[in-house]
Amino acid sequence: MTVAATASTILEQVPIGTLKLNGHSKNEKHDNEHDSGHSSEDEESVVFVDPYNYVGETFGSGPGVDYPFADFLPHNPDRTESDPPLPYFDIEDRGLKAHPGAARLRAFVEKRGGKVKDQLIAIGTVIEGDIKLEDLGDEEKDDLALLVAQRGVVFFRNQHSLSIEDQRDLGKHFGPLHKHATYATPRRGDLDDVVVVYADHNSRPDLYAFSRAELFHSDVTYEVQPPGTTILRLLTTPEVGNDTLWSSGYAVYSSLSKPMQKYLESLTAIHSGYDQAASRTGISKIPRRQPIETVHPVVRVHPVTGWKSVFINPGFVTRLVGVPKAESDLILGYLKDTFAQQTDATVRWSWQAGDVAIWDNRIVNHSATFDAYPSLRHGLRVTPHGEAPISVEEYESTTGKKAKDWLEERHKSLGIKPLARDDGKTKKRAFRD
């Protein structure tokens, strides 16, 4: 029996009609409903999962005693005091050691009968075939870092043989592993640099409490050195639902006018961990580390590609620095919506058990869908640190290179001339302009 089937069977052992949801039996609820169709349940007694910050707490019985991944269920150890702040890491991106076009990785894949297949023009690549991540050598890993930096996210199916030790070793190749300030770690107890991604029948999101655009985020951007090449493997997935979407910050930058690009390049923003920390106080009174706020450039440059990316997300960015609140709210709202609405630069992945997604938190935002409750979803994330975000000015002054616009570079490679500038007279009104 497969892992997914085993987990499904475990859930089926508890009839949906009698599941305990947030402390109340569904049968109890239905018994108390009036003829009007409304529940008499006191709404204030219902506790919903916070979709902005929910990763890895079980609020009820969990998946059952026979669950094959019990060692990796979420655990929040009690603490008497918080750890000190993270040290500063000296990081050299492994993608800088890659061959052009990730040639060695492509040869590795093709030699085994596989294929490197792009999903959209702007973002997303699937490695097809019987390719095992644990078989990659250092050269292939370096090329993988480049491919992820260029494509935003790369997917591998059927990675059932990838152990958590293999996953951590791969992550360590890309950088020092991040230890999350508040999220749960595996019950096994010796994996404090692994984040548990978990939801089950006790994890009910309040779907009225958030807009879908607000859920796009980049992980823990409040850190001084936020994550770079990040690895998520799902152990158990719903048969339908709980997909993940990734949206390109390169493409968001390229979609803006030149004046807007220059304006954003001049700005910084505050990334705060305080809201995330506050949301965990019911789980762990003392966090692993005290929350911090950090100032990062609104437009950062990837050190490998040299491409500019908008580095804003509604999960952690609270305001723009030195900008009136009304202006800050307007700009941040616009960028939030742009990430969520760019259908040509957002890739969607429908998970299967054993799948691995490797993405670059520096240049994409991502969001899970909350459409599969009460199904079980369980994964493990390894999150290497990247460099402190590099502004356009800093990149150009320290490297002597010109930071690039992703779309302009694509047009150059295709021999396409840029669009004529709008002079207010000759441009026609047409959606295909």
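Student: What pLDDT does the protein average?

Tutor: This is a predicted model. The protein averages a pLDDT of 87. Of the residues, 85% score at least 70.

Student: Where does pLDDT stay under 50?

Tutor: Where pLDDT is low, the predicted coordinates should not be read in detail. Here, pLDDT stays under 50 over residues 1–45. The model has 55 contacts beyond four places in sequence for that stretch.

Student: On to strands. Which strands pair with S17?

Tutor: Strands of a sheet pair through backbone hydrogen bonds, either parallel or antiparallel. S17 covers residues 356–360. Strand S6 (residues 153–156) pairs with S17 in the antiparallel sense, over four bridges. Strand S9 (residues 229–236) also pairs with S17 in the antiparallel sense, over five bridges. Look at Ile358 in S17. Ile358 is the bridge partner of Val154. Ile358 is also the bridge partner of Ile231.

Student: Are the faces of S17 covered or exposed?

Tutor: In a regular strand the side chains alternate between the two faces of the sheet. In S17, Val356, Ile358 and Asp360 lie on one side. Ala357 and Trp359 lie on the other. Both faces are covered, and these residues are all buried.

Student: Which residues are in contact with Asp360, leaving aside neighbours within four places in sequence?

Tutor: They are Val148, Ala149, Gly152, Gly228, Thr229 and His302.

Student: In what order do the strands of the open sheet with S11 run?

Tutor: The order is S12-S11-S15, three strands with antiparallel pairing. Strand S12 (293–297) and S15 are the edge strands, each pairing on one side only. The twist averages 30° from one strand to the next. Strand S11 (residues 268–272) and S15 pair over three bridges. Within that pairing, Ile270 stands opposite Arg319 in S15.

Student: Now the core. Which residues touch the most other members of the largest nonpolar core?

Tutor: In soluble globular proteins, nonpolar side chains tend to be buried together. The largest nonpolar core here has 22 residues. Leu264, Val298, Val310, Ile312, Leu320 and Leu335 touch the most other members. Several elements each supply at least two residues, including helix H6 (249–254), strand S15 (317–320) and helix H9 (325–341). The largest share, four residues, comes from H9.

Student: What is Val310 in contact with, beyond its neighbours within four places in sequence?

Tutor: Val310 is in contact with Gly249, Val252, Tyr253, Leu256, Val298, Leu335 and Phe339.

Student: Last, a helix. What lies at the start of H11 and just after it?

Tutor: Check each end separately. Helix H11 spans residues 406–414. At its start, a side-chain oxygen of Asp405 reaches to within 2.9 Å of the backbone nitrogen of Leu407. Just after H11, Gly415 takes a positive phi of about 70°.

How values were computed:
Residues numbered from 1 in each chain as written. Predicted model: local features only at pLDDT ≥ 70, side-chain atom pairs only at ≥ 80, totals over all residues. Heavy atoms only, no water. Buried < 20%, exposed > 50% of the residue type's maximum accessible area, 1.4 Å probe, protein only. Pairing = 2+ DSSP bridges. Core = buried A, V, L, I, M, F, W, Y, C linked by side-chain atoms within 4.5 Å. Contact = heavy atoms within 4.5 Å. Polar contact = N/O pair within 3.5 Å; in protein donor to acceptor, adjacent residues only side chain to side chain. Axes fitted to C-alpha atoms, helices over the stretch in contact; angles between N-to-C directions. pLDDT = per-residue confidence, 0-100.
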